[in-house]
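Walk through this model from the inside out. Keep the sequence and the coordinates side by side as you read.

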Amino acid sequence: MLSSEVEDLAGKVRSKNQRGMARVLSMVENGHPLAPSILHSLYNPERSGLTIGVTGYPGAGKSTLTNRLIAYYRKHGCKVGVIAVDPSSPFSGGALLGDRLRMQDHASDPGVFIRSMGNRGHLGGLSGTTRDALEVFSAASYDPVLVETMGVGQAEVEIASLADITLLVLVPGLGDEVQTMKAGIMEIGDIIVLNKADRPGIEQLEMFVNASLDLIPDQISRPTVISCSALSGEGIEKLTDAIANCVSFGMGRRVIARRRTKLILRSIIREKGKELARKHVSDRYGSIEEAIESILEGKTTPYEIGEMLSGFLENKRENENECKRD
Ligand SMILES: Nc1nc2c(ncn2[C@@H]2O[C@H](COP(=O)(O)OP(=O)(O)OP(=O)(O)O)[C@@H](O)[C@H]2O)c(=O)[nH]1
Ligand SMILES: [Mg+2]
């Protein structure tokens, strides 16, 4: 019964049924117990869909740029998916109001599927939701899928870099040092987009960004820098060319498949490891709070609890091996 429901929903996603897709996305977001089985059925590391993360400071023009990219890819006959991620928002389902206004040119286009994601019940938080939503979009043959995140905090950067290619959007006048000098920010993007090139200060920003890139260690590949104006559309084709170049030169399909699989597996290991460890500590002490009390009362230490967890995982593995031998 369950497996037929799983296959039915996975089939709907594959056949691009928009209602089925919306249903599966909600299940993913709410941590529905069937969601992992549906994702298992949909997963294909070599699927052709390209995912593009768009990150940058609030107001940098990410939505305006996303809107331009949607128009460009639609003109070239692609079906485009958009995930707008807002960690501060408890709302999800439809597009966020501001983004909906900016992307309204495409809201009624059946070849564009826009979905916003806020914080919900997914164990892996918003990055887990986005990771899984990307699979759903790609399985439904949306190509490319654009992921816009608000802000450039650690969580947003992590989310944007779940995509195959990440665009980091900077603008003149925000204080070049602030934009570029934040720990490792220049290393986030495969492409650094200097948006609002119609504004004064673009040359200084270009110089500053290039000088900052000179400081990046050699082993990290140097991002491409593209100036454009999302408002006027100038430079957008240069950007889409740079995206295409990233795919054809930097990463063939197999490279993308491997990178994608590594990212997903790493994030699932982190998520499950955390869940398992938390649960075990809670079971042992009643709750995490009570474990803290025990430490404060001198009954144990965080390190002893760490050792206890290692022992627990080792035993679990031994038990599994024994089961296999039986
Ligand atoms: N002059 C100029 N203004 C732009 C350009 N791109 C975007 N804007 C304007 O900048 C403002 C913010 O644009 P958004 O696209 O909403 O920026 P955002 O990065 O999505 O903003 P948040 O989602 O709130 O972080 C809007 O008023 C846009 O019209 C550009 O290339 N040039
Ligand atoms: Mg926006």
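What volume does the largest cavity have? The model is a predicted one, and in it the largest cavity has a volume of about 70 Å³. The count of cavities of 30 Å³ or more comes to one. Its lining consists of Arg47, Thr51, Arg131, Leu134, Glu135, Leu162, Asp164, Arg260, Leu263 and Ile264. Sorted by class, the lining of the largest cavity has five charged residues, four nonpolar and one polar. Helices α6 and α11 each contribute at least two residues to the lining of this cavity.

Next, the open space. The largest pocket holds about 430 Å³. It is lined by 20 residues, and those closest to its centre are Pro36, Leu39, Arg131, Asp132 and Ile268. Three helices, α3 (35–42), α6 (125–139) and α11 (253–285), each supply at least two lining residues of the largest pocket. The biggest share comes from α11, with five residues. By class, nine residues of the pocket lining are nonpolar, six are charged and five are polar.

Serine 63 belongs to helix α4 (residues 62–75) and glutamate 148 to strand β4 (residues 145–149), so the pair ties together parts that lie 85 residues apart in sequence. Both serine 63 and glutamate 148 are buried.

The peptide bond from aspartate 143 to proline 144 is cis, with omega near 5°. Proline 144 sits in the loop between α6 and β4. Most peptide bonds are trans, and most residues other than glycine have a negative phi.

Lysine 16 lies in the loop between α1 (2–14) and α2. Is this lysine buried, exposed or partly exposed? At 38% relative accessibility, lysine 16 counts as partly exposed, because that class runs between 20% and 50%.

Helix α2 follows. Asparagine 17 caps the N-terminal end of α2, with a side-chain oxygen 3.0 Å from the backbone nitrogen of arginine 19. Buried residues in α2 include Gly20, Met21, Val24, Leu25, Met27, Val28 and Glu29. Just after α2, glycine 31 takes a positive phi of about 65°.

Finally, look at a pair of loops. Proline 172 is in the loop between β5 (165–170) and α8 (176–181). Its relative accessible area is 6%, so proline 172 is buried, the cut-off being under 20%. Lysine 196 is in the loop between β6 (191–194) and α9 (202–213). Phi of lysine 196 is positive, near 65°, again in a residue other than glycine. Proline 172 and lysine 196 are 24 residues apart along the chain, and their C-alpha atoms are separated by 7.0 Å.

Definitions and conventions: Residues numbered from 1 in each chain as written. Chains lettered and ligands numbered in written order. Predicted model: local features only at pLDDT ≥ 70, side-chain atom pairs only at ≥ 80, totals over all residues. Heavy atoms only, no water. Helix = DSSP H or I, 4+ residues; strand = E, 2+ residues; numbered from the N terminus. Buried < 20%, exposed > 50% of the residue type's maximum accessible area, 1.4 Å probe, protein only. Polar contact = N/O pair within 3.5 Å; in protein donor to acceptor, adjacent residues only side chain to side chain. 1 Å grid on protein atoms, 1.4 Å probe; cavity = no way out; pocket = protein on both sides within 12 Å on 5 of 7 lines; lining within 4 Å. Points joined across faces, edges and corners; volume = space filled by probe spheres on them. Nonpolar A, V, L, I, M, F, W, Y, C, P; charged D, E, K, R; others polar.
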